[in-house]
Amino acid sequence: PSDKRATMERDILQKLGQPDCNHETFLLNIRCYLAAFNNMHAAVIFTPRDFHLSGLYPFRIHYVSNDVYVVDVAREYDRLVIGQKITAINDQPISEMEQKLSSFSSAENTWTKRKSLDPVGFSQPEYYRLLGLTSSASNSVKLEFADHPSIRIAPVGKPDFHWHSGPPAPH
């Protein structure tokens with residue numbers, strides 16, 4: 001809708017005027033704007049000065065039907081969360097988180113949006129910061145589960161951590 005695009009344009013222009021605006025902030029906001037067209041062809045795939053998101057929340061997800069499950073987690077976290085259904089992140093229902101996080105991906109339907117989030121789309125600290133869900137890409141997030149106590153996961157800057165990578169825990 002044109003009113004939504006106009007709001008997004010104003011937001012992007014406001015962010016461009018902020019002293020902390022950088023290339024990554026600009027590019028992610030443009031990707032979000034283009035993703036709102038729900039067309040895989042309306043996307044910024046490569047730029048002369050492309051970037052790589054730094055940091056990662058060390059957990060991987062997988063969709064089963066309409067539910068999101070943890071399929072792996074760094075060894076410093078409880079292995080029993082593997083196989084657990086995520087119900088909320090930072091007190092926001094998983095369906096709302098899916099909608100917000102998929103706003104960075106140009107996709108034409110629910111399936112392709114979910115595919116863009118599986119396995120690490122929920123693990124990008126920079127996305128949480130840009131969405132206003134954390135104040136910084138260095139903040140931890142709280143994962144809440146259907147059948148397990150919630151845990152807080154902090155981002156890691158280097159990929160030198162180790163995954164459990166074992167069979168899922170029973171649930």
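Predicted model: local features only at pLDDT ≥ 70, side-chain atom pairs only at ≥ 80, totals over all residues.
Biologist: How many helices and strands does the protein chain have?

Modeller: Helices (H or I, at least four residues) and strands (E, at least two) are DSSP runs, numbered from the N terminus. Here there are five helices and six strands, in the order α-α-β-β-β-β-α-α-α-β-β from the N terminus.

Biologist: What share of the residues is buried?

Modeller: Buried means under 20% relative accessible area, exposed over 50%, and partly exposed in between (1.4 Å probe, protein chains only). Of the 171 residues in the protein chain, 43% are buried.

Biologist: Which residues have the most contacts inside the largest nonpolar core?

Modeller: A nonpolar core is a set of buried Ala, Val, Leu, Ile, Met, Phe, Trp, Tyr and Cys residues joined through side-chain atoms within 4.5 Å. The largest one holds 37 residues, and F59, I86, I89, M97, F122, Y128 and I153 have the most contacts inside it. Contact means heavy atoms within 4.5 Å. Leaving out residues up to four places away in sequence, F59 touches several residues, including I86, F122, I153 and W163.

Biologist: What is the volume of the largest pocket?

Modeller: Rolling a probe the size of a water molecule over the atoms shows where empty space is left. On a 1 Å grid over the protein atoms alone, a pocket is an open set of points where a 1.4 Å probe fits, with protein on both sides within 12 Å along at least five of seven lines; lining residues have an atom within 4 Å of a point. The largest pocket has a volume of about 530 Å³. Its lining has 20 residues, with K4, M8, C32, K100 and S103 nearest the centre. The largest share, five residues, comes from α1.

Biologist: Is P155 buried or partly exposed?

Modeller: P155 is partly exposed, because its relative accessible area is 22%. P155 is found in the segment after β6 (151-153). Beyond its neighbours within four places in sequence, P155 is in contact with residues including L56, Y57 and P125. The C-alpha atoms of P155 and S123 are separated by 8.4 Å, though 32 residues apart along the chain.

Technical notes:
Residues numbered from 1 in each chain as written. Heavy atoms only, no water. Points joined across faces, edges and corners; volume = space filled by probe spheres on them.
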